[in-house]
Amino acid sequence: MTWRAILLFPVTFFPILALTSCSAQESYPVTWKGITFSTPFEFSPPVDIGLDAVGFLTPKDATLPNATMELRMVHITREMLESFGGSKDEALNYVRITFFGTAEVGSPLASHNMLGTDVAGTTQTVTIPRHGVLELYLLPLSKEAHVVLGLFCYDTKSQQLAQETMDMIAETLHEGSPE
């Protein structure tokens with residue numbers, strides 16, 4: 001190899017390597033109650049799980065016993081918040097018990113910037129509806145409403161995918177229809 005080839009190798013090889021290793025990650029939009037975000041893989045259509053609450057499963061055709069992850073969203077209206085004396089903590093406790101099956105407050109997580117606000121979540125091990133790990137976030141919306149966003153990871157092998165999912169949700173979350 002000549003000295004010219006040695007000098008040109010980094011200039012020609014590394015851009016080609018960068019182009020081949022940086023393929024665009026697929027994303028799948030999710031929209032509910034005027035909230036839109038993307039996930040790195042497809043979830044099921046929303047399944048009603050109660051008043052102003054839905055769940056999404058993955059793989060998209062999974063049922064709860066064989067899902068690897070579940071995304072749950074609970075809408076907290078301004079009126080609901082007022083019924084708790086305006087206390088976000090009380091509303092979150094109600095939602096945590098009613099829709100996520102746990103009364104315990106989880107360990108703090110590093111905050112994600114969602115909807116232009118730094119939002120700190122919690123994480124904890126859960127046994128309802130199945131054994132797994134739950135990440136939970138209370139997100140402020142316009143018109144004094146909120147949404148509780150929870151991601152259950154039921155498969156320890158999928159925990160990295162769960163982190164990638166939350167990262168993509170945080171990055172793409174906005175109020176309004178898909179862009």
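This is a guided tour of the structure above, one selection at a time.

The model is a predicted one, in which local features need pLDDT of at least 70 and side-chain atom pairs count only at pLDDT 80 or more, while totals for chains, interfaces and linings use all residues. Residues are numbered from 1 along each chain as its sequence is written, and side-chain values use heavy atoms, with hydrogens and water left out.

**The nonpolar cores**

Phe-37 leads on to the largest nonpolar core, which has 26 residues and in which Phe-37, Phe-56, Leu-71, Met-73, Met-114 and Leu-139 touch the most other members. Such a core is a set of buried Ala, Val, Leu, Ile, Met, Phe, Trp, Tyr and Cys residues joined through side-chain atoms within 4.5 Å, and buried means under 20% relative accessible area, exposed over 50% and partly exposed in between (1.4 Å probe, protein chains only). A second, separate core of 16 residues includes Ala-53, Ala-91, Leu-134 and Leu-136.

Centre the view on Leu-71 and, leaving aside neighbours within four places in sequence, look for its contacts (heavy atoms within 4.5 Å), among them Phe-37, Phe-43, Phe-56, Leu-149 and Ile-169.

**Glu-135**

Now move to Glu-135 in strand S10 (residues 132–140), which counts as buried because its relative accessibility is 11%. Its side chain makes a polar contact with the side chain of Tyr-137 (2.8 Å); a polar contact is a pair of N or O atoms within 3.5 Å, where, within protein, one must be able to donate a hydrogen and the other to accept it, and residues adjacent in sequence count only if both atoms are side-chain atoms. Beyond four places in sequence, Glu-135 touches residues including Leu-109, Thr-122, Gln-163 and Met-166. Glu-135 and Met-166 are 31 residues apart in sequence and 8.9 Å apart in space, C-alpha to C-alpha.

**Aromatic rings**

Select Phe-152 and Tyr-154, both of them buried. Rings of Phe, Tyr and Trp (its six-membered ring) pair if their centres lie within 6.5 Å, with planes under 30 degrees apart counted as stacked, over 60 as edge-to-face and the rest as tilted. The count comes to 5 aromatic pairs; the rings of Phe-152 and Tyr-154 have centres 5.7 Å apart and planes at 10 degrees, so the pair is stacked. Elsewhere, ring pairs link Phe-84, Tyr-94 and Phe-99 into a cluster.

**Backbone stops in the loops**

Finish with Pro-59, in the loop between S4 and S5, where a cis peptide bond joins Thr-58 and Pro-59 with omega about 0 degrees. Another cis peptide bond joins Ile-128 and Pro-129, with omega about 5 degrees. Lys-143, in the loop between S10 and S11, has a positive phi near 60 degrees although this residue is not a glycine, and Lys-143 is exposed, with a relative accessible area of 74%.

Notes. Helix = DSSP H or I, 4+ residues; strand = E, 2+ residues; numbered from the N terminus.
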